[in-house]
Amino acid sequence: MTLAADTFDFVATLVRDRSAIQLDRGKEYLVESRLAPLARSAGATDVDAFVRALRADISQHESVVEALTTNETSWFRDLHPYTVLRSTVIPALATAGRSPVRIWSAACSTGQEPYSIAMTLADNFPSLKAHIVATDIADNVLAKGRSGRFTQLEINRGLPAPMLVKHFERQGPCFEIAPHLRNRVMFRKHNLLEQPPGGGPYDIVFLRNVLIYFDVVTKRSVLARVRAALAPGGYLFLGAAETTIGVDDTWERIQVERGCVYRTREGKRI
Ligand SMILES: C[S@@+](CC[C@H](N)C(=O)[O-])C[C@H]1O[C@@H](n2cnc3c(N)ncnc32)[C@H](O)[C@@H]1O
């Protein structure tokens, strides 16, 4: 069954206003498949009926936005950011005397990204003092991240076997991250359309694989808020398919071996 055009338009507007995620025409199948479970549990006959009821019931709007987020993630995603972190960024911050090092993993999904950062620090800089704040707009992924509990399938997505042995404990069918790593990551709800979370200024921001969902005006405003949240000389990591080039030229892309990191032009002099 195809979704009515006004159903799609209502959902696309709601999701864009609340999260800045763009749902262009042609994404009807996505809206329908993501909202079908919500419609079923609300007892609606189909997604159109569910959305008709939704227009008068704002209490459900947040769960609709959450259902339309894409939470795809993996351990040590793309590898290079973690190599650059280890080889260049942390040593530079240590030389500059930054302690504690403050890290923000923005749009962290279910926690694989901040926990990959925590493992990198624990394995390579055991005496480094660091605070990691991990944020996302969606409550369900934050709850999962906070639990520190992952299925075998989730573990299989990029976690090297020695890391599994060293940093996780089996709990029934799942694996739980060691408490000292879990306690190092503070999960908080945060919308990138709003002011950055407290706990800064940050020396490092991971803002990976989320700008791709936004239009250029939103990308620019998110990058401006991240710039304001960064400590002088701080570092920004973006996703492999993302760049500041042509979006916000106050950033400079620095190639480090096969990876890259961004700094503000004035930050680079520090
Ligand atoms: C594809 S995941 C990226 C996860 C992780 N950063 C990585 O690279 O593996 C994108 C995440 O962005 C979050 N997100 C989308 N819009 C957001 C917004 N406006 N504010 C905060 N988080 C948002 C989604 O909930 C989702 O968990």
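**Reading a predicted model, step by step**

Reply: Let's start with a pair of strands: β9 (residues 251-256) and β10 (residues 259-264) pair in the antiparallel sense over 6 bridges. This is a predicted model, where local features need pLDDT of at least 70, side-chain atom pairs count only at pLDDT 80 or more, and totals for chains, interfaces and linings use all residues. Residues are numbered from 1 along each chain as its sequence is written.

Me: What do strand β9 and strand β10 form, and which residue in the turn has a positive phi?

Reply: First, the terms: strands (E, at least two residues) and helices (H or I, at least four) are DSSP runs numbered from the N terminus, and two strands pair if DSSP finds at least two bridges between them. Here β9 and β10 form a hairpin with 2 residues between them. Glu 257 in the turn has a positive phi of about 50°. Across the pair, Arg 253 stands opposite Tyr 262 in β10.

Me: How many helices and strands are there in the protein chain?

Reply: There are 11 helices and 10 strands. The chain is as compact as a globular protein of 270 residues, because its radius of gyration is 20 Å, close to the 18 Å from the globule rule. That radius is taken over C-alpha atoms, and the rule is 2.2 Å times the number of residues to the power 0.38.

Me: Is Ala 92 buried, exposed or partly exposed?

Reply: We count other C-beta atoms, placed from the backbone, within 10 Å of the residue's own: 20 or more is buried, 12 or fewer is exposed, and in between is partly exposed. Ala 92 has 14 such neighbours, so it counts as partly exposed. Ala 92 is found in helix α5 (residues 80-95). Over the whole protein chain, 38% of the 270 residues count as buried.

Me: Where does the ligand lie relative to domain 1 and domain 2?

Reply: Domain bounds come from an automatic or database domain assignment. The ligand lies between domain 1 (5-67) and domain 2 (80-269), because both give residues to the shell around it. The C-alpha centres of the two domains lie 30 Å apart.

Me: Which residues come nearest the ligand?

Reply: A residue is near a molecule if its C-beta atom, placed from the backbone, lies within 6 Å of it. Of the 25 residues around the ligand, Thr 69, Thr 73, Ala 107, Ser 109 and Asn 209 come nearest.
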